[in-house]
Amino acid sequence: MADLRCTIAGIESINPFWLASAPPTDKYYNVVRAFEAGWGGVVWKTLGVDPPVVNVSSRYGVHHDSGRGVIGINNIELISDRPLETNLQEIEACRKEWPDRIIIGSMMAEIDEQAWKELAIKIANSGVHGIELNLGCPHGMCERGMGSAIGQVPEMVEQTTRWVREAVDIPVFTKLTPNITNILWPAEAAKQGGAHAVSLINTVNSIVSVDLDAMAPTPVVGDKGTHGGYCGSAVKPIALNMVAEIARAQETQGLEISAIGGIETWKDAAEFIALGASALQVCTAAMLYGFRIVDDMIDGLSAFMDQKGYRSIEDFRGMAVKNTVDWNELDMNFDTKALIDPETCIECGRCHIACEDTSHQAIEFKIAEDGKRRFTVIDEDCVGCNLCAHVCPVPDCIEMVPVKNDKPYVTWPEHPLNPLKAAQ
Amino acid sequence: MADGLNHRPSLSGPSKDELDASFDDLHKPLNSIKAIAAAEHCLYCYDAPCIQACPTSIDIPTFIHQIRTGNVDGAARTILSENIMGGTCARACPTEVLCEEACVRNHGEEDPVEIGLLQRFATDHLMANATSHPFSRAANTGKHIAVVGAGPAGLSCAHRLAMLGHSVTVYEAKPKPGGLNEYGLAAYKMVDNFAQREVDFLLEIGGIEILYEKALGRKLSLADLKESHDAIFVGVGLGNTNKLGLDKEDIPGVEDAIDFIERLRQADDKTTLQTARDVIVIGGGNTAVDAAVQSKKLGAENVTLVYRRGEDAMSATAYEIDLARRCGVTVRLWSKPQSIKGDTHVKAMKFERTRIMNGKLVGTGETYKIPADLVLKAIGQQLNLSALKGLEIAGGKLAVSSTFATNVSGVFAGGDCIKNGEDLTVQAVEDGKQAAHAIDGYLKGDADG
């Protein structure tokens with residue numbers, strides 16, 4: 001069985017699966033249940049300066065698919081609404097009772113040095129392994145000058161990170177908001193400020209749906225709603241890209257990554273690790289299914305690693321980074337064509353209509369002599385876009401087959417049709 | 001012949017509650033959770049095979065997509081725009097040989113989408129919730145059309161004619177509308193008086209008048225109708241039943257399966273239909289299965305369905321035959337009726353075993369007897385030709401053109417009474433709809449009549 005231990009910011013964890021700072025890590029009771037279930041660590045729900053915030057009733061909105069599967073949820077809950085001292089005592093108790101599990105203290109404050117430093121010291125004194133700066137919350141707290149209001153200004157990211165580094169001698173994680181133009185700017189700022197690691201992504205600013213009876217965004221609080229933080233599997237692609245951007249940029253080299261964003265399965269976890277993450281944080285999946293989902297995350301990741309021959313997380317961490325490049329570095333001579341297997345085709349016609357109406361009219365539809373509906377790719381017209389393979393309901397029925405054209409690897413900057421190249 | 005069922009002392013058969021339960025919906029309707037799950041199974045195929053397989057060409061992928069998006073009444077309108085009796089067809093169609101057989105999910109060795117149940121979900125929803133009829137009438141054309149027969153073909157034709165702006169008078173031989181929907185389908189397929197509720201719904205469009213107990217040949221003739229109307233649609237179904245051609249075929253206890261089913265369908269309290277102990281049903285179609293299953297449900301101890309050929313030759317679908325067996329009906333194949341035993345009442349029937357020799361069905365000479373106090377004949381029906389004089393007949397049925405026109409100008413026909421009639425409600429509905437458009441064209445002078 002593969003070794004799932006991981007190290008991030010010098011902190012050693014029994015596995016890479018931590019619960020993110022959010023409702024599941026709100027208090028002693030939940031955290032103990034999470035540790036009992038097998039989670040390697042938790043980032044405690046964000047603590048602020050007393051007096052604690054007051055939350056509204058009605059806090060989550062949902063983006064369902066038509067079968068009531070949850071694509072994503074958003075929330076308008078604020079940070080911990082319990083007294084700081086209560087939280088700190090519970091953190092201390094958990095640390096004592098679960099010495100092999102990681103607890104990170106998440107915090108936020110207004111942009112005031114004393115406030116940040118005093119709070120950081122109090123939290124550090126509770127025995128946490130590290131401190132995470134919540135610079136991402138995109139609802140409510142940002143209206144008070146905290147959360148994403150700080151995270152969206154790289155100078156403030158750097159400043160707050162530095163304040164916390166100066167105040168405490170435990171590892172510092174800066175949690176980034178995705179609600180920015182370029183994730184590298186705040187990541188670089190965090191690095192400048194001395195962060196040991198960045199945690200990303202925080203939730204994506206969103207209106208998840210509109211209640212067409214109330215004519216208000218959901219969740220509706222009385223008769224009005226507000227924008228909230230979107231999370232769940234829907235945001236995974238956004239998170240993967242932002243993690244990859246940081247992992248492969250020169251400016252952020254060496255910055256460790258605690259990846260967050262729609263991780264529901266071992267496979268999601270492996271993908272983030274392949275893009276360079278040292279540890280992982282999960283929230284929505286636990287909120288949807290309970291803490292037990294960590295079982296298969298552990299088992300599945302371990303089985304995957306055994307199958308591939310990876311003995312430790314480090315064996316494959318970041319392996320996909322070198323293959324994640326700018327568009328300009330892609331091979332213009334690579335060519336692939338769809339191939340439909342008539343044996344497994346169930347004749348639904350989805351590939352045909354997708355290609356016919358929205359792509360390159362490259363799938364011919366004919367009724368064969370035996371009465372079967374036959375869908376055939378016209379190679380000359382197929383550009384290898386993959387759309388047919390994606391809409392096909394049968395796994396592996398449509399294969400994308402690379403064309404052996406023996407052409408050299410040519411990038412766009414080198415390509416003869418590139419007008420800039422011609423001008424040279 | 002009802003008294004034929006009462007010749008024995010009362011059976012300690014099922015109670016009224018038990019009977020009501022056993023005649024409840026054969027397929028329970030989907031609730032909204034199941035409907036969404038069933039709809040999710042649909043792939044929204046392009047140019048879908050299920051549409052081709054539906055005689056009325058309902059746009060099935062679209063209506064299922066509409067269920068998925070929560071537009072359930074829109075789904076119902078999609079169905080009803082092609083098939084105004086979509087509610088009955090959802091209950092009675094042999095979907096296993098129509099839309100659901102064509103479902104591409106079958107190719108993946110999966111279960112097909114439950115199209116029939118989804119159609120019922122949508123149409124029931126609209127009928128329960130709609131505040132107005134989903135279709136409106138075109139401007140009044142001033143034309144008046146006679147429709148003979150208030151069965152699926154006639155009512156479908158009437159509804160479409162009304163939509164097209166014509167006025168319609170329907171002449172119905174029986175005291176109630178609906179034809180086989182009301183009198184002929186198995187009770188467990190049409191619970192809660194659905195046939196009448198559907199007719200009420202259909203008539204909401206307006207412009208349709210139904211006159212009851214008006215049968216062709218009884219103070220009503222095609223010539224009179226032609227005189228007083230601009231066009232005629234004949235949807236009379238098949239009024240006569242085939243005979244076994246045996247002695248004693250008229251003794252008490254031997255009756256047509258369709259009469260038995262009609263009596264069952266019209267009974268408010270099925271305990272009054274105390275059935276026989278030993279029932280024989282003769283025939284291989286869905287009517288035979290309906291009669292056999294319902295006999296069993298009424299409490300008969302032994303029900304034997306006898307068919308002269310092998311199972312492959314039965315016109316009942318494999319699903320229906322299996323249903324009969326699951327209900328405890330004994331299916332005996334390769335046997336033909338030889339004689340009826342009994343004097344004042346049937347006591348048994350003698351059958352001769354059959355086989356195929358040189359491509360022909362022949363008796364083997366070997367016989368056996370099955371005791372019976374009720375024999376139900378389900379060996380097919382025939383068109384009653386007596387009131388249809390002047391109309392061209394082909395193969396015992398009315399001959400019509402591709403536009404449902406008979407040889408008499410202005411007289412159209414469809415449903416079971418025409419040459420290509422397929423003995424399916426859904427086909428009758430389609431015939432009526434297409435004939436309505438043909439009549440509309442005829443009245444506008446752009447089609448032959």
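In chain A, the centres of domain 1 and domain 2, taken over C-alpha atoms, are separated by 40 Å, the domain bounds here coming from an automatic or database domain assignment. This is a predicted model, in which local features need pLDDT of at least 70 and side-chain atom pairs count only at pLDDT 80 or more, while totals for chains, interfaces and linings use all residues. Residues are numbered from 1 along each chain as its sequence is written, and chains are lettered from A and ligands numbered from 1 in the order in which they are written.

- Domain 1 of chain A covers residues 6-316, and domain 2 of chain A covers residues 327-423.
- Strand β15 (residues 256-260) of chain A is largely enclosed by the rest of the structure, because five of its five residues are buried; a residue is buried if 20 or more other C-beta atoms lie within 10 Å of its own, exposed if 12 or fewer, and partly exposed in between, with C-beta atoms placed from the backbone.
- Strands (E, at least two residues) and helices (H or I, at least four) are DSSP runs, numbered from the N terminus.
- In a regular strand the side chains alternate between the two faces of the sheet.
- From β15(A), the residues A:E256, A:S258 and A:I260 point one way, whereas A:I257 and A:A259 point the other way, and all are buried.

**Chain A: partners of β15**

- β15(A) pairs in the parallel sense with strand β10 (residues 197-200) of chain A over four bridges, where pairing requires that DSSP finds at least two bridges between two strands.
- Opposite A:E256 in β15(A) stands A:A197.
- β15(A) also pairs with strand β16 (residues 279-282) of chain A, in the parallel sense and over three bridges, and in β16(A) the bridge partner of A:I260 is A:Q281.

**Chain B: domains**

- The assignment for chain B gives domain 1 (32-129), domain 2 (144-239 + 383-443) and domain 3 (242-377).
- The centres of domain 1 of chain B and domain 2 of chain B, taken over C-alpha atoms, are 26 Å apart.
- Between these domains of chain B, 12 residues of domain 1 are in contact with 19 residues of domain 2, contact meaning that the C-beta atoms of two residues, placed from the backbone, lie within 7 Å.
- Helix α6 (residues 86-92) of chain B supplies five residues, the largest share of the side of domain 1 of chain B that touches domain 2 of chain B.

**Chain B: residue K219**

- B:K219 lies in the loop between β3 (208-211) and α12 (222-228) of chain B, and B:K219 counts as exposed because it has 9 C-beta neighbours inside 10 Å.
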